[in-house]
Amino acid sequence: MQRVIHRLLLILALLQCSINVFSQLTAPGRDWAGVTQYVYSTQHQDSIFTFFASTGNLNCKHTTGRSSTFIWYKYDPSITNVSNRFDSLYTETGVTSSSMTGLVEGGYRVIATNDLDSTETFTAWLFTDDIVLSRVDTDNRCDFLELVAITSPSSYNIQYDRFYYHDLSKPSQSEMNTYGKGYFKEVVWEASDSRIEFTQSSSLRQTIADPAPLYNSSYDVSITNIFGRVLTYHTDEFTAIAAKAVQKIQVESDGGWEDYSSGESYEALLGLRLESSSINADSIFWFLSNMKTVNYEDEYVVIWKDSSLFANRVEAFPTKDLMRPGYFKIKHLAYNPSSGCKDSVEIAVEVDSSKIKADAIPNVFSPNGDDLNKTFKFIDPEENLKSISSFSIRILSRSGRLIYKYSGDPREWEGWNGKIDGTGADAAPGVYFFIIEARGWDGKEFDYGPYKGFLHLYR
């Protein structure tokens, strides 16, 4: 038991010696240098040297520069007894410096004793960064493209089986793999086609989705590792197989077209213009569905469809007579037959139910030539009248004589100007009776209640 304690005290003394001695262990040709982060060592950390090759070199000198004996050791973590893990490797005597070349990764210790019997101990950890970015694996599908940068050895082995050292300040000398886990410090992906956007940032696995790539492109990946080394790889061009459905909907307005807005109010019969701007698609389709009650349940039923080759036509015009009051869905589908990929987009459209608001009918007018309230007509027809398919109005005197009549589009009706039909004479001031009959595109009839009443003509 006393021998074990004595041996442990000797090891601790050697460790303390290595902590206090100014290091003369160097790595000629090294590409990166750092220090350990021993947890319980506050005064000294050992050197870490990294070579961008498969092996490295170390050189040791006694701080006095005198002729010395150098005993080299290699750290062997497989040895259970931590006090015996530095295994003798090589001895050189009668020289002022000693070198070892072709060294693999691991921990190395040198005990240098000069010709005056002054002994110094140096320890360093050597990393060899010969990692290769060997290829980029791909998984190209309709809804995503996945790119995976493959290294040799694998990224898992790099993070857990490479670039680690042992904490010599701990009794257990536990493994510290800070450099392995942080090896992939920065990963940058780029596409040759700038229209392709990446959904992730710094990762060896890159997924391009929402949308998947729609344009042919090659890809570059650049990895800057924790030691400042840059690994790059350039792929061949990949053919985009995904399709993207893009459509524009316009509504008929004053003989022209204006963009459809879901917040706007539209009335029957609604003229529609459908335009496709789909990407990477050869064939395009449209489906117009109307909400109907089937077996006591509401469901959308296709009432119109159209299709075309994208190269031939990108427009479609649903039958206007179909766009009566109700709820509709317009589905646009884009298809790439060479890859089998397709995509669709759907927009809901509501056509207003027919209405004639009672507030739209005035009860007084004065055609006296002053241009104020000079006709009997609907108030704000754009707001108060919707989806009327037929309209007629009759105005009668109190005795029942027909004074005025009109039938046609209520929006085009200019109103009654107070003239008697047939003669063009001014109707006498007084009370008249009106009868409005109308039918909406949804079949609703307007011929009762507020659609019959009295109006007052003043002059």
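This is a predicted model: local features need pLDDT of at least 70, side-chain atom pairs count only at pLDDT 80 or more; totals for chains, interfaces and linings use all residues.
Residues are numbered from 1 along each chain as its sequence is written, and side-chain values use heavy atoms, without hydrogens or water. Local features need pLDDT of at least 70, side-chain atom pairs count only at pLDDT 80 or more, and totals for chains, interfaces and linings use all residues.

**Stop 1: a sheet.** Select residues 219–224, which form strand 16; strands are DSSP runs of E, at least two residues long, numbered from the N terminus. Strand 16 pairs with strand 17 in the antiparallel sense over five bridges (two strands pair if DSSP finds at least two bridges between them). Now pick Val221: Tyr233 of strand 17 stands opposite.

**Stop 2: two salt bridges.** A salt bridge here is a side-chain nitrogen of Lys or Arg within 4 Å of a carboxyl oxygen of Asp or Glu. Select Lys320 and Glu252, whose side chains meet in one at 2.8 Å, N to O. Lys320 sits in the loop between strand 23 (315–316) and strand 24, Glu252 in strand 18 (residues 247–253), 68 residues apart.

Next, select Arg195 and Asp193, another salt bridge at 2.8 Å. Is Asp193 buried or exposed? Asp193 is buried, with a relative accessible area of 12%; buried means under 20%, exposed over 50%, and partly exposed in between, using a 1.4 Å probe and protein chains only.

**Last stop.** Select Tyr327 in strand 24 (residues 326–336). Tyr327 counts as partly exposed, at 44% relative accessibility.

Note on methods
Helices (H or I, at least four residues) and strands (E, at least two) are DSSP runs, numbered from the N terminus.
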